[in-house]
Amino acid sequence: MTGAVDPDGPTEELDGVFTEAVRRTGASIGALYLLTPDEQLLRLDAVCGVPASLAAPWARIPVSAAAPVADAVREERVVWLGSQEQMARSYPRTAMVLPYPLAMVAAPVTGVRRWGALLLMWPAGRPPHMTRREQSHVMARCRQLARVLEEGAERGQAPPSGAEPRVLPGGTGRPPVAPALAAADFVERLPGGSCSLDLEGRVTYVSSGACALLGTDAGRLLGTRPWQSLRWLDDPAYEDRYRATVVTREPASFTARRPPDQWLEFHLFPDGSGISVRIIPAGAPGLPSPAPRRSGPAAAPAGAGRLYQLLHLAAGLTEVVGVQDVIDLIADQVMPAFDAQGLVLSTAEAGRLRITGHRGYPPHTVERLDGLPLDTAFTPAGQVLRSGVPAFFSDPEEMRRVYPEAVPVSGKRAWAFLPLITYGRPVGCCVLSYDGPHEFPAEERAILTSLAGLIAQALDRARLYDTKHDLAHGLQQTLLPRSLPAVPGLRVAARYLPATRGMDIGGDFYDLIRLGDDAAAAFIGDVQGHNVAAAALMGQVRTGVHAHATVGSTPDRILSGTNRLLVDLGPDLFTSCFCAHFDLARGRATLASAGHPPPLLRLAAGAARPVDVPPGPLLGIDAGAEFPVTEIPLAPGALFVFYTDGLIERPGVDLDEAMAALADRLAGAGDEDLERLTDTLLEQAGSSVERIDDIALLLLQATTR
C-alpha cells in the first residue's frame, strides 16, 4: 500500500454496490455494518429504506453480542430469520425492539479479511424460507462489497468511518421529493388523500380537508411529526403504528380521539419513499376496520422509538457480568443512542467518586476528576447524588453559573449528570457529555432518568461479582502449587487455565509430592462448581490428599482418608480425584480413581491410550466407599497425561470419543519438550477459544535414572 490514506475511503462506490444489493434482492430495508479497527464492534455504516433514528438501537453492536449481524460475522455464516416467531426464539433482544412481522437475513462481508455484515429485511409477505439461489445471490453481493473495500485499501483508502450512518435512497429508484411535489406521490398512492409523511415521519403534504379534521392549519403541520405538533396524538401507540409501517411496508390503521369527543380513523399506506395517510371520521365506509379505539387518558408521552431503545438497553444491562462489561455497554450502546461524545462512569468508594471508565476525555482531565468527594461542589455530581435527581446542562453558560470551575476542566459543551442510586444508597454517577450545545427535551430526560436506575442496578451487581471473583481467584491461586518439585527419574510439566466464562475460577487442582529419592505421588482433581465455595473446598481436598500422601499411604488409602474427611465436613459439593504413586526404584506405578477421567499413557514406541483404571465413587458421598487399585509397569520413556474434564468436554461430544481423540493427538505429537507438548495439547483441544470450564493438565514422563 502506498501513498497517504484517504479518510473518505471508497464511499461512493460502496454505496452504489450496497443500494444495488438492496434493490436486486427485493429487500425493503438494508443496512451495512463495518468492523471497527479492533474488530470488537460492528458500526452501522449505511442504511437504506428507513431513517437513521429507527436504526439507533443497533448503531453499534459488539461482535460478541447475541444478534444476527454479530453471529454472521463471528461464525462466518448466513443467518436467516423467516418470521417474527423465529426471531423471538433465536434472538429475543432483537425481537423486542423489532416487534413487527418481517423476514431478515444477515450475511458476512468477507474477502481476504473480515469487513462486516450485510443486513436485509423484507415484509412478512415473502416466503418464510430462503432458496439456495437467493442465498448465493446475497453472498455474491457480500463478496462484491468486500472487493470494493479491499480495492480501496490497496489504493490507500480507509473504509468509511463517519460518526453517523449514511442514509441512502430506498429501492424504489425515486429520490426523496421536495414538499411541493409530495402531493403527486400522495395521489399515486391513494385514491383520495389527506396527508403525506416522509420516512422520518414529517408531514410533507396536507390537504385542506385534513386540516379541518385535525383542527389546525397546514403551516403548523408541515415539516413536523404529527405526534409532536398535535398533543392528542402524543401517544407511543400512535407513533408505533408509523414505525410498523416503515419497517414492515404493510398498511396499518388506528383510531384516535380529537378533543373533546370526535373520533378519527387514520389509515397508513407506505412504500419506499414515504407514507400516505387518509384521515376520515370514525365509521366512514370503504376502508378496512382500524385497530380498536383507545379509551381513558393517553399514555405518558414518550416516543415509541425511545421506548424500544430503553427496552433494548435494559435487556443489555441484564446480561452484563463485570464492571468492565457495564462500561463497554454504556460506551458502545448508550452513548451512540443519545449522540453523546463523552462518558465518565464513577463508583462510590470510601466516600469518594473513583472513575472506573471513561470515553472522550484526555488523561489529565480524568486525573483531575478522579477521587472527588461524594459531596463535591466542584461538579454537579455531589448534588445529584444527594438529591437523587439528574442534572442537565444544555450549554457551558448554564453550567458556569452554578459550577464555574467545572467547564474549563471538562472541555465539553453540554452534560447530563445521572445519579446511580439503588436501595437508597449511592452507587456512583454516570456523566454523558457533548462536544457542542445539546438540548435535553423532556422525553430524553425521562428516558435517561429511567436508564440511570437500570445502570445503577447493573453496576451494583457487577461490583459484587468482581469482588467475589477477585476473592475466589486469589484464594485459588494461593492454593495451587507455585512450582513442582524436581524428582530424579521424572520429567514434569503442568498447566492450569481458568474458564473464560462465568466466575473465571473453579475447583480444579493438581500436585506432585516427592517421597524421598525413589518415589513420588501425583494427584489431580476437580471440585464441583465455579465459586468461592468450590475454591475453598479445593484447598481442603488438596490439604487432605497431601497429608495422607506424605505419610506413605497407597493411592486407595489416600482417597479413602480424604473421602472420610469430606463426608465429615458435609460441604454439599462433590469432588473427583485421581491419585498415582510412582515407585521409581521398582519401575511400578500404582493408580486409583475417585470418579475422575483416566490418564493417558504413551509408551516409548509412540502408541497412546487411556489407562484402564476401575473408578471408585466421587469423594464426599459415602464414608465407606472403596477405591480399586491398579498397578502397571513404569518403563523408561513412559509418559502419563493427567487432566481434568475441561480439556475434553464439549457440547454434543461423547466423552469416550473425546478421550480417544486426545490419545491420537498425544501419539502424533512426537517426542518434544514437555512444555511444548503441553501447549500442543491445549491448542489442539481448542483451549485458546472460549472455555466454559477450567483445565488442569499434568504431564509426567519416566526417564532413565
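Mentor: Two strands are said to pair if DSSP finds at least two bridges between them. Please keep in mind throughout that this is a predicted model.

Trainee: With that cut-off, which strand does β16 join through three bridges?
Mentor: Pairing asks for at least two bridges, and β16 runs antiparallel to its partner with three bridges between them. Within this pair Phe-392 has Ala-416 as its bridge partner. The strand joined to β16, covering residues 414-422, is β17.

Trainee: In what order do the strands of the open sheet that holds β16 follow one another?
Mentor: The sheet is made of six strands with antiparallel pairing. β15 (372-373) and β16 (391-393) stand at its edges, and each has a single partner strand, so one side of each is left without a neighbour in the sheet. Read across, the order is β15-β14-β13-β18-β17-β16.

Trainee: Which residue in β15 stands opposite Arg-352?
Mentor: β14 and β15 run antiparallel and are joined by two bridges. Arg-352 stands opposite a residue of β15, and that residue is Pro-373.

Trainee: Which residue takes a positive phi in the hairpin of β13 and β14?
Mentor: Strand β13 (residues 342-349) pairs with β14 in the antiparallel sense over seven bridges, and in this pairing Ala-348 has Leu-353 of β14 as its bridge partner. Two residues lie between the strands of the hairpin. The residue there with a positive phi, near 50°, is Ala-350.

Trainee: Turning to β6, how many of its residues are buried?
Mentor: A residue counts as buried when its relative accessible area is under 20%. β6 has 10 residues, and it is largely enclosed by the rest of the structure, because the number of them that are buried is eight.

Trainee: How many bridges join β1 to β6, and how many does β5 make with β6?
Mentor: β1 and β6 run antiparallel and are joined by six bridges, with Leu-32 standing opposite Leu-118 of β6. Strand β5 (residues 102-110) also pairs with β6 in the antiparallel sense; there Val-105 stands opposite Leu-120, and the two strands form a hairpin with three residues between them. The counts are therefore six bridges for β1 with β6 and nine for β5 with β6.

Trainee: What is the N to O distance in the salt bridge of Arg-359 and Asp-328?
Mentor: Arg-359 lies in strand β14 (residues 352-359) and Asp-328 in helix α12 (residues 323-337), so far as the sequence goes 31 residues apart. Arg-359 is partly exposed at 31% relative accessible area, and Asp-328 is partly exposed at 26%. Their side chains meet at an N to O distance of 3.3 Å.

Trainee: How many residues apart in sequence are the parts tied together by Asp-679 and Arg-495?
Mentor: The two side chains meet in a salt bridge at 2.6 Å, N to O. Asp-679 belongs to helix α21 (residues 674-684) and Arg-495 to strand β19 (residues 490-497), so the pair ties together parts whose separation in sequence is 184 residues.

Trainee: Which residues are linked in a network of salt bridges, and what is the count of salt bridges?
Mentor: The network links Asp-15, Arg-43, Asp-45 and Arg-166. When a side-chain nitrogen of Lys or Arg within 4 Å of a carboxyl oxygen of Asp or Glu is taken as a salt bridge, the count comes to 23.

Technical notes
Residues numbered from 1 in each chain as written. Predicted model: local features only at pLDDT ≥ 70, side-chain atom pairs only at ≥ 80, totals over all residues. Heavy atoms only, no water. Helix = DSSP H or I, 4+ residues; strand = E, 2+ residues; numbered from the N terminus. Buried < 20%, exposed > 50% of the residue type's maximum accessible area, 1.4 Å probe, protein only.
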